[in-house]
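Have the viewer open as you read.

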Amino acid sequence: MEYKDEDFKVIVADSSHEKYVDIILATITDSAKKRGSGIASRTHEYLATKMRERKAIIALYGEEEEFAGFCYIESWGNKEYVANSGLIVVEKFRKHHLALRIKQTAFTLSRLRWPNAKLFGLTSQTAVMRINTKLGYVPVAFSELTQDDAYWAGCGTPEHPCCVNCDVLARSNRKYCVCTAMLFDPKEHVGEPLPVQLPDDVVKMAQDAAAHNLR
Ligand SMILES: CC(C)(COP(=O)(O)OP(=O)(O)OC[C@H]1O[C@@H](n2cnc3c(N)ncnc32)[C@H](O)[C@@H]1OP(=O)(O)O)[C@@H](O)C(=O)NCCC(=O)NCCS
């Protein structure tokens with residue numbers, strides 16, 4: 001079946017999307033199993049809270065609003081660093097630049113909400129590296145990332161693994177691992193336009209949160 005780009009809606013999620021949390025979690029788990037990789041596991045409540053806090057992006061297909069893709073935003077180290085995590089696109093909808101659109105939306109929301117934060121991510125996926133590069137991220141050493149222990153806990157430990165490679169991370173004292181680290185430093189992109197336009201109410205919400213220095 002051919003899916004048309006214009007039939008996908010990519011939006012900042014809210015509490016009305018909580019009904020999608022189960023399918024999102026199942027899709028993430030299923031994909032991690034197929035890839036034989038680990039991914040930081042998240043609870044139902046965690047993703048539902050992200051939606052309520054307007055820190056999640058969801059992609060829906062067609063009039064039936066079928067779940068198509070997702071990612072969420074987390075801030076670390078006292079808001080100095082922001083990561084867009086948990087990116088997933090349903091298999092049949094892949095290679096339609098949907099991940100690009102989801103990441104562009106997450107990027108725009110992150111830039112409005114935390115204008116001074118460095119945006120970063122860890123990935124082993126070509127698609128994600130290509131998207132990050134388009135957004136202005138560059139590869140960096142792990143020492144350039146947040147040192148917030150809570151972030152690294154998402155990879156797990158050899159005793160309690162989340163990712164299959166966490167023994168490598170532990171052995172290197174968090175200096176390197178299988179994933180590539182990528183970073184967007186806002187100081188190097190002053191005055192550049194944002195990749196997508198968000199609805200006025202979302203822009204206002206993000207700017208209010210930034211003005212009040214909210215997490
Ligand atoms: C990674 C993933 C999100 C990509 O979704 P997608 O919607 O197919 O990606 P896009 O169509 O936006 O592709 C972005 C770019 O990557 C390329 N690409 C997509 N899939 C690719 C693949 N498997 N191998 C190599 N390149 C790929 C595309 O051609 C595109 O490049 P271009 O802009 O130069 O044309 C999807 O494959 C997925 O959900 N994988 C499982 C979960 C996962 O790995 N998440 C990321 C964790 S860091």
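## Ground rules

Helix axes here are lines fitted to C-alpha atoms over the stretch in contact, with angles from 0 to 180 degrees between N-to-C directions. Helices (H or I, at least four residues) and strands (E, at least two) are DSSP runs numbered from the N terminus.

This is a predicted model, where local features need pLDDT of at least 70, side-chain atom pairs count only at pLDDT 80 or more, and totals for chains, interfaces and linings use all residues. Residues are numbered from 1 along each chain as its sequence is written.

## α3 against α4

Helix α3 (residues 98-113) packs on helix α4 (residues 126-135) at about 45 degrees, the axes being 10 Å apart. That makes the pair oblique (under 35 degrees is roughly parallel, over 145 roughly antiparallel, 65 to 115 roughly perpendicular, and the rest oblique).

On the α3 side, Ala-99, Leu-100, Lys-103 and Phe-107 make the contact, meeting Ala-127, Ile-131 and Leu-135 of α4 (C-beta atoms, placed from the backbone, within 7 Å).

## α1 against α2

The axes of α1 (residues 21-35) and α2 (residues 44-52) come within 10 Å and cross at roughly 120 degrees. Val-21, Asp-22, Ile-24 and Leu-25 of α1 touch His-44, Leu-47 and Ala-48 of α2.

## The β4/β5 pair

Strand β4 (residues 81-89) runs parallel to β5, joined by three bridges (pairing takes at least two DSSP bridges). Tyr-81 sits opposite Lys-118 in β5.

Technical notes: Two residues are in contact if their C-beta atoms, placed from the backbone, lie within 7 Å.
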